Amino acid sequence: MTAHIDLSKAGILAESSAVRVALLPPVARFSLRAATPEQKALSKALGVPLPAKIGQCGRKGDIEILCLGPDEWTIIAPEDQAGTITDACAAIYAKTPHSLTEISDREVTVHITGPKASDLITIGCPRDLDQLPTGEARRTVFDGVSAVLWRDGDQDYRLDLWRSFAPHVIALLETGCAELAGE
């Protein structure tokens with residue numbers, strides 16, 4: 001049985017000399033869908049270029065935009081910028097139709113870092129991590145749970161999970177952290 005995990009509080013969930021697993025603070029998170037003709041105007045309105053290649057990330061300041069599909073992006077920003085993003089997209093909607101949906105409460109982000117971070121991720125993720133370039137992200141699964149895996153550095157990852165599945169994945173990561181520490 002999985003112990004209760006308070007997903008409202010950021011902080012370290014598990015830590016050893018091998019790896020550290022932490023819950024990151026909440027962020028503003030949006031799902032953006034738009035056809036090709038609208039992408040340039042949306043990039044201008046948001047102040048961040050929408051990446052065109054699946055898995056690529058666009059960044060400016062604290063705003064990150066991940067291309068998840070040919071017409072689909074995830075936007076991540078500090079919580080206090082949610083209104084700015086909503087307003088920027090609403091201001092151009094009449095001439096630039098698109099779908100912007102706030103999904104901030106749907107997901108949480110787990111940060112996995114340390115000398116064996118890649119080893120820990122492979123306990124539940126079938127993706128070849130050597131094929132995931134630093135600075136990019138991909139949809140994947142972790143023990144059958146849909147997730148987005150971000151690679152921020154050689155041994156520095158973020159795992160975006162639906163809140164309802166997070167306790168299961170976090171329990172696996174905590175167990176793996178302890179096992180890797182014993183090696």
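Analyst: In this predicted model, V148 has D160 of β11 as its bridge partner. This bridge belongs to the pairing of strand β10 (residues 145–153) with strand β11 (residues 156–162), which is antiparallel and extends over six bridges. In general terms, the strands of a sheet pair through backbone hydrogen bonds, in either the parallel or the antiparallel sense.

The two strands are part of an open sheet of six, arranged in the order β1-β2-β8-β11-β10-β9 with antiparallel pairing. The edges are formed by β1 (11–15) and β9 (136–142), each of which pairs on one side only. On average, and with direction ignored, neighbouring strands of the sheet are turned by 25 degrees against each other.

Nonpolar side chains in soluble globular proteins tend to be buried together. Here the largest nonpolar core comprises 29 residues, and V110, I112, L149, L159, L161 and L173 have the most contacts inside it. β10 and β11 each supply at least two residues of this core, as do β2 (20–23), β8 (107–113), α3 (117–121) and α4 (166–181). The largest share, six residues, comes from α4.

L149 illustrates these surroundings: beyond its neighbours within four places in sequence, L149 is in contact with residues including I121, C125, L129 and L132, as well as A137, T140, Y157 and L159. The contacts of L149 also include the residues E136, R138 and R158.

Methods:
Residues numbered from 1 in each chain as written. Predicted model: local features only at pLDDT ≥ 70, side-chain atom pairs only at ≥ 80, totals over all residues. Heavy atoms only, no water. Pairing = 2+ DSSP bridges. Helix = DSSP H or I, 4+ residues; strand = E, 2+ residues; numbered from the N terminus. Axes fitted to C-alpha atoms, helices over the stretch in contact; angles between N-to-C directions. Core = buried A, V, L, I, M, F, W, Y, C linked by side-chain atoms within 4.5 Å. Buried < 20%, exposed > 50% of the residue type's maximum accessible area, 1.4 Å probe, protein only. Contact = heavy atoms within 4.5 Å.
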